[in-house]
Amino acid sequence: MHKIIEECSIKLRVPKAEKISKAMGVFYNPAMSINRDISVLLLNSINKDMLQIADPLAATGVRSIRFLKEMDKNKIKNICINDYDKDSIELIKQNLALNKVQYKNNKKISIKNEDANLFLLNSAGFDYIDIDPFGTPNPFLDAACKRISRGGVLAVTATDTSALCGTFPNACIRKYWALPKKDAIMHETGLRILIRKAQLVAAQYDKALIPIFSYSKEHYMRIFLRAEKGKSKVDDVLSLHRYFNDAGPMWTGALWDKNLVNKICINARRDKIFNKNKELIKFLKIIKDESEINSVGFYDLHDICEKNKIKNMQKKDAIIEKIKKSGYKASETHFSGHGLRSDIPLKILYSLTKIIIQ
Ligand SMILES: C[S@@+](CC[C@H](N)C(=O)[O-])C[C@H]1O[C@@H](n2cnc3c(N)ncnc32)[C@H](O)[C@@H]1O
């Protein structure tokens with residue numbers, strides 16, 4: 001049984017399901033529409049046209065169809081849509097037709113029904129590969145790193161946040177080769193551990209993966225990494241794999257290319273497809289503010305209150321203003337509603353927050 005829904009600019013035929021799960025037939029999760037929004041915006045904002053795009057785990061085809069409909073005209077050279085599930089392929093074709101996308105005898109679009117790794121390895125490579133699996137991206141990282149082009153962008157989703165955020169530390173050690181820590185900043189730590197894992201896989205092939213946009217949201221983490229070739233670039237990446245806050249090793253470099261984040265924000269506000277999506281615009285604005293600040297980790301106000309037995313802390317916004325007035329940078333963080341990102345040393349923040357306790 002199916003129903004027709006709308007996601008952003010497209011219509012989609014999806015399974016009728018009581019619960020969003022792996023068992024729903026062909027998988028579709030409306031909560032991931034923001035994940036797809038950001039992918040469209042990012043690809044529209046990078047300085048590269050005529051992209052060869054791979055969607056190896058396509059399910060309903062929603063991501064590729066949105067790329068075809070919502071990306072600027074000169075952006076896509078060709079797009080390869082793949083899933084190993086036969087029902088998925090049938091639905092992808094129906095969804096392309098539903099959106100009036102001519103896919104037969106169209107050199108721009110190819111549909112494949114293969115194992116994702118074989119699909120990638122049998123290809124000549126792509127400028128953008130989107131790994132969007134159930135759970136961990138691990139099974140697909142090797143082939144994706146091999147086939148991402150020089151200057152290309154590898155996008156990776158991970159939904160096994162319980163491992164990355166430290167609920168199951170041994171699972172994180174086995175799968176991501178790092179020790180996680182379940183605490184107030186675990187989403188940032190987990191994201192940085194995920195980035196390092198992808199970087200280590202690529203390092204084997206002399207490819208340096210530089211994070212250009214990263215975030216954690218609800219049940220998943222998402223990273224976009226630009227692939228650069230060269231031994232010294234790889235060595236530079238590896239030199240930033242360190243321990244932080246008793247967890248790691250993890251990537252301790254920047255999570256964002258701040259110029260790109262700025263462009264994404266501007267494009268989101270200008271684009272009539274996205275500018276009414278308040279949740280998206282707010283989320284991007286917070287990330288833009290964060291991307292201006294060089295720091296690993298953030299300060300969690302609940303955590304500070306708890307550790308110091310403080311009952312009445314001033315509001316986060318007031319503290320952010322106070323930090324800025326004292327000459328440091330500060331912003332909200334998308335990682336936590338009661339967190340703030342700042343380059344202020346803990347000791348100084350500590351005295352500052354003590355001053356403003358009411
Ligand atoms: C989480 S869903 C993808 C969701 C989709 N990217 C979206 O944006 O809605 C994962 C998909 O990967 C497919 N899949 C899982 N393992 C695969 C493999 N080894 N090769 C190809 N497809 C695979 C599943 O059939 C499923 O459709």
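Two strands are said to pair if DSSP finds at least two bridges between them, and the strands themselves, like the helices, are DSSP runs numbered from the N terminus, with at least two residues (E) for a strand and at least four (H or I) for a helix. With these terms, D300 has G339 in strand 14 as its bridge partner, and strand 12 is joined to strand 14 (residues 336-342) by 2 bridges, the two strands running antiparallel. The structure is a predicted model, in which local features need pLDDT of at least 70 and side-chain atom pairs count only at pLDDT 80 or more, while totals for chains, interfaces and linings use all residues. Residues are numbered from 1 along each chain as its sequence is written.

In general, the strands of a sheet pair through backbone hydrogen bonds, either parallel or antiparallel.

Stepping back to the whole chain, the protein is divided into domain 1 (2-264) and domain 2 (265-355), with bounds that come from an automatic or database domain assignment. Between the C-alpha centres of domain 1 and domain 2 there are 27 Å. Where the domains touch, 23 residues of domain 1 and 21 residues of domain 2 take part, two residues being in contact if their C-beta atoms, placed from the backbone, lie within 7 Å. On the side of domain 1 that touches domain 2, helix 1 (33-45), helix 8, strand 8 and helix 10 (258-270) each supply at least two residues. That side of domain 1 has 10 nonpolar, 8 polar and 5 charged residues, where Ala, Val, Leu, Ile, Met, Phe, Trp, Tyr, Cys and Pro count as nonpolar, Asp, Glu, Lys and Arg as charged, and the others, Gly among them, as polar.

The interior can be followed next. A residue is buried if 20 or more other C-beta atoms lie within 10 Å of its own, exposed if 12 or fewer, and partly exposed in between, the C-beta atoms being placed from the backbone; a nonpolar core is a set of buried Ala, Val, Leu, Ile, Met, Phe, Trp, Tyr and Cys residues joined through C-beta atoms within 7 Å. The largest such core has 95 residues, and those with the most contacts inside it are A144, L154, L164, L194 and L225. Helix 8 (residues 186-203) gives the largest share of this core, 9 residues. Because domain 1 (2-264) and domain 2 (265-355) both give residues to this core, it lies between them.

A144 touches L120, I129, I131 and L154, when residues up to four places away in sequence are not counted. A144 is also one of the buried residues of helix 5 (residues 138-147), together with F140, A143, C145 and R147. The buried residues of helix 5 pack against helix 4 (116-121), strand 6 (126-131), strand 7 (148-158), helix 8 and strand 8. In strand 8 (residues 207-217), 9 of the 11 residues are buried, so this strand is largely enclosed by the rest of the structure. Strand 8 pairs with strand 9 (residues 220-229) in the antiparallel sense over 10 bridges, and S214 has I223 in strand 9 as its bridge partner. Strands 8 and 9 form a hairpin with 2 residues between them, and E218 in the turn has a positive phi of about 45°.

Around the ligand there are 19 residues, of which L57, A59, Y84, A116 and D132 come nearest; a residue counts as near if its C-beta atom, placed from the backbone, lies within 6 Å of the molecule. By class, this shell around the ligand has 11 nonpolar, 2 polar and 6 charged residues.

Some details of the backbone remain. Most residues other than glycine have a negative phi, and most peptide bonds are trans. K100, however, has a positive phi near 60°; K100 sits in the loop between helix 3 (86-98) and strand 5, and it counts as exposed because it has 8 C-beta neighbours inside 10 Å. D246 also has a positive phi, near 60°, and lies in the loop between strand 10 (241-244) and strand 11. Finally, G248 and P249 are joined by a cis peptide bond with omega about 0°, and P249 is found in strand 11 (residues 247-251).
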